Amino acid sequence: MKLGAQLFTLRAYTQTERDLDFTLGKVREMGYSTVQLSAVGPIPAQRLRELCDKHELEIAVTHTDPNRILNDTEAVIQEHETMGCRYIGIGMMPEKYRSPEWIEHFAWDYREPAKKIAAAGKRLLYHNHNFEFQRFGDKLVIDILTESFPAEEFGFILDTYWVQLGGGDVCQWLEKLSGRVPCLHLKDVAVAGYEPVMAHVGGGNLDFGRIIETAGRCGTEHLLVEQDTCREAGPFQCLRMSCEETLKLYPAAKR
């Protein structure tokens with residue numbers, strides 16, 4: 001498995017080519033070998049590829065506007081081809097689908113884009129939050145999604161923090177979704193008073209040794225550190241601490 005940085009963590013520092021160039025250099029210095037492109041500024045795909053190549057960083061996956069995936073599928077596929085990126089990610093389910101009355105429409109709408117993406121040798125991935133662990137009728141939303149798409153056309157960017165907040169066990173879900181989680185977000189869960197808070201890897205209570213071992217057995221290819229909010233330090237420092245802690249647990253990711 002390769003170790004990468006989810007650039008959403010550094011979103012304030014990726015909005016221009018100049019800022020992104022500097023930020024990618026810092027990410028590579030930390031020890032990461034891949035990145036996920038998310039919340040990056042309006043920079044053309046070819047230029048994104050050039051900047052990542054400059055810093056020897058592979059583009060593992062993106063978070064792409066769901067409306068573009070749905071309505072401009074071929075252009076999205078071509079952009080990912082330009083970037084050398086196999087995985088096209090949906091960062092969050094659009095709001096209109098998040099109800100018992102409309103959840104099935106998500107699959108009705110995205111089944112054809114997923115099929116086109118798979119035919120191009122790529123794969124549509126879905127990033128979970130805790131919403132997907134609520135029940136609509138007798139099924140969890142994440143189970144509805146799993147059953148609505150063929151595995152070869154639709155996988156997951158499983159997020160350790162949000163699985164935990166949804167009441168799930170990360171390792172159990174990795175096993176249940178074995179072969180469908182090529183990308184895993186590493187984000188720790190700490191507690192402040194009575195509230196759960198995000199923390200760098202090793203700064204909270206999740207058993208990342210067990211999680212990483214299970215991910216390796218279940219077909220995960222990319223371990224991607226993400227921290228939406230950073231309480232302990234600035235986002236660059238938090239990414240650095242997470243990298244150091246992850247490499248202690250999984251030295252094979254060092255490149």
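This is a predicted model: local features need pLDDT of at least 70, side-chain atom pairs count only at pLDDT 80 or more; totals for chains, interfaces and linings use all residues.
Student: Which side chain does Glu147 meet in a salt bridge?

Tutor: First the idea: a salt bridge is a side-chain nitrogen of Lys or Arg within 4 Å of a carboxyl oxygen of Asp or Glu. Here Glu147 pairs with Lys139, at 2.6 Å from N to O. Lys139 is partly exposed, at 34% relative accessibility. Some bridges also share partners: Asp159, Lys187, Glu226 and Asp228 are joined into one network that way.

Student: How many salt bridges are found in the whole structure?

Tutor: The search finds 20. Lys26 and Glu29 form a salt bridge at 3.9 Å, N to O. They sit 3 residues apart in helix 1 (residues 17-30), so about one helical turn separates them. Lys26 is partly exposed at 28%, whereas Glu29 is exposed at 55%.

Student: What does the salt bridge between Glu79 and Arg68 tie together?

Tutor: Those two side chains meet at 2.9 Å, N to O. Glu79 is in helix 4 (residues 73-83) and Arg68 in helix 3 (residues 66-71), so the pair ties together parts 11 residues apart in sequence.

Student: How many disulfides does the search find?

Tutor: A disulfide is a pair of cysteine sulfur atoms within 2.5 Å. The search of the whole structure finds 0. For Cys85, the closest cysteine sulfur is that of Cys183, 8.0 Å away and too far for a bond. Cys85 is buried, with a relative accessible area of 1%.

Student: How are the strands arranged in the barrel?

Tutor: Two strands pair if DSSP finds at least two bridges between them. Here 8 strands form a closed barrel in the order 1-2-3-4-5-8-9-12, with parallel pairing. The twist from one strand to the next averages 30°; axes are lines fitted to C-alpha atoms, for helices over the stretch in contact, and angles run from 0 to 180 degrees between N-to-C directions. Look at strand 4 (residues 87-90) and strand 5, which run parallel and are joined by 4 bridges. Ile90 stands opposite Tyr126 in strand 5.

Student: Where does helix 6 lie?

Tutor: Helix 6 lies across strand 5 and strand 8, at about 155° to strand 8. This helix (residues 141-148) is mostly covered, with 7 of its 8 residues buried. Among the buried ones are Val141, Ile144 and Leu145. Contact means heavy atoms within 4.5 Å, and what covers these residues includes helix 5 (103-119) and helix 8 (170-176).

Methods: Residues are numbered from 1 along each chain as its sequence is written. Side-chain values use heavy atoms; hydrogens and water are left out. Buried means under 20% relative accessible area, exposed over 50%, partly exposed in between (1.4 Å probe, protein chains only). Helices (H or I, at least four residues) and strands (E, at least two) are DSSP runs, numbered from the N terminus.
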